[in-house]
Amino acid sequence: MAVFSGCTIHDGVQEKLCRMLRVFSEMRVFAKACYPFVAVRRLLILAIALLTFVGVVTASAKTVQERRAERLLRLQKISSASSASFASSASSNTSTINKQTSRFAIPLLVYHHIRPTTGYDKATWSWKMSVSPKVFDVQMQWLDDHQYTPITLDTFVKIARREMQGPVKPIVITFDDSHSSQYDVAFPVLKKHGFTTVFYVITKTLDVAGALSRVQVQEMSAAGMDMESHTAKHQVLTKLPQNEMDWELAESKRVLEGLTGKPVRHIAYPATTQNALVRERTSAAGYVTGTLMDPRRATEKDDLLRIPRIMMTDDTDLKKILP
Ligand SMILES: [Zn+2]
């Protein structure tokens, strides 16, 4: 009992764990008193240890749900508080609003493959466009430990338009090219942390081997992930005649909206290539943002149709790139 008497209660989960450990400790003392035979006693203690382990795993699962709920609550509170302060300030003092919400620097990260990087030379795109599962796990844990809040692009737009203030440490995590490893490896890790992230999907590769399937896209969307467009065929838009460009933009939006039942308002330009015409057609097709690869944080000065994103590799040091 003495082992657990110093247990400090910080929150609900820890309290449950402490109570559980105390009960098992008492059972262990009881077992010692009742069974003088060493072998029987050891078996009983082993069974108690196993039950404790199962209890700890169950408690951890609850932690994930609680973390997600806490994040959502924090975002809702910030959203409603910002809307209220925005509305009241708008009628009285507009300059205060600008002072409070006009500056931001939000990092957007971009991942491609989540796969082992061993065997690839660091100079190749195969290496640069991969993050190994272990490193990905560590990076997500680091963001969670340092209280970053992954936000959707709709939330990003609200912050950029000064419609809400956003959480203290907002970040946008995105995935390009709809590789199947994003479902197989990344999705379970993201769910574990209660993170909402953005998946840019190439719709013509849906159900192709190595790419996300329609069912996976629907499952991820239902789990709260943001499924957005990476065009239909991943063609470089600047090289296409306008009718084909328009088709790429409209077709991917149509397919994804049909699959998820949610509006698709965001696009990542294939090969990070765009120009004034592409941006104009993107906006005309109903998109609000377009993202690039450019290793810096997005600020209020950035055009919503040219938002920079930081490409992630095994060597990326989050401490260096994040505020
Ligand atoms: Zn791509």
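**Loops, core and helix pairs**

Author: Let's start in a loop: Q147 sits between α6 (133-145) and β5 (149-150). Keep in mind that this is a predicted model.

Reader: Okay, is Q147 buried or exposed?

Author: Count the C-beta atoms around it: Q147 has 11 others within 10 Å.

Reader: What's the phi of Q147 near?

Author: Q147 isn't a glycine, yet its phi is positive. The value is near 60 degrees.

Reader: Which loop holds D207, and what is its phi near?

Author: D207 is another non-glycine residue with a positive phi. Its loop runs between β7 (198-201) and α9 (214-222). As for the angle, phi of D207 is near 75 degrees.

Reader: And is D207 buried or exposed?

Author: D207 has 12 C-beta neighbours inside 10 Å. The cut-off is 12 or fewer, so D207 counts as exposed.

Reader: What share of the residues counts as buried, and what share of the contacts comes from residues 24 or more positions apart?

Author: The protein has 323 residues, and 30% of them count as buried. For the contacts, take those with a separation of 6 or more. Residues 24 or more positions apart account for 62%.

Reader: Which residues touch the most other members of the largest nonpolar core?

Author: That core holds 49 residues. The ones touching the most other members are V172, F199 and V201.

Reader: What does V172 touch?

Author: Leave out residues up to four places away in sequence. What remains for V172 is I106, L108, P150, I151, L153, F156 and V198.

Reader: How far apart are the C-alpha atoms of P170 and I151?

Author: Along the chain, P170 and I151 are 19 residues apart. P170 is also in contact with I151, as well as with I106, T149 and I159, leaving aside neighbours within four places in sequence. The C-alpha separation of P170 and I151 is 6.3 Å.

Reader: On to helix packing. Are α6 and α8 roughly parallel or roughly antiparallel?

Author: Helix α8 covers residues 181-193, and it packs against α6 at an angle of about 20 degrees, with the axes 10 Å apart. Angles under 35 degrees belong to one class. Therefore α6 and α8 are roughly parallel.

Reader: Which residues of α8 does α6 meet, and how do the residues of that contact divide?

Author: From α6 come P133, F136, D137, M140 and D144, which meet V185, A186, V189, L190 and H193 in α8. By class, the residues of this contact are seven nonpolar, one polar and two charged.

Reader: How far is A250 from R281?

Author: A250 is found in helix α10, and it is partly exposed, with 16 other C-beta atoms within 10 Å. A250 and R281 are 31 residues apart in sequence. C-alpha to C-alpha, they are 10.0 Å apart.

Reader: Last one: what does I321 touch?

Author: I321 lies in helix α12 (residues 318-321) and is partly exposed, with 14 other C-beta atoms within 10 Å. R296, 25 residues away in sequence, is 7.9 Å from I321, C-alpha to C-alpha. Not counting residues up to four places away in sequence, I321 touches P107, I310 and T316.

How values were computed
Residues numbered from 1 in each chain as written. Predicted model: local features only at pLDDT ≥ 70, side-chain atom pairs only at ≥ 80, totals over all residues. Buried ≥ 20, exposed ≤ 12 C-beta atoms within 10 Å, placed from the backbone. Contact = placed C-beta atoms within 7 Å. Core = buried A, V, L, I, M, F, W, Y, C linked by C-beta atoms within 7 Å. Helix = DSSP H or I, 4+ residues; strand = E, 2+ residues; numbered from the N terminus. Axes fitted to C-alpha atoms, helices over the stretch in contact; angles between N-to-C directions. Parallel < 35°, antiparallel > 145°, perpendicular 65-115°, else oblique. Nonpolar A, V, L, I, M, F, W, Y, C, P; charged D, E, K, R; others polar.
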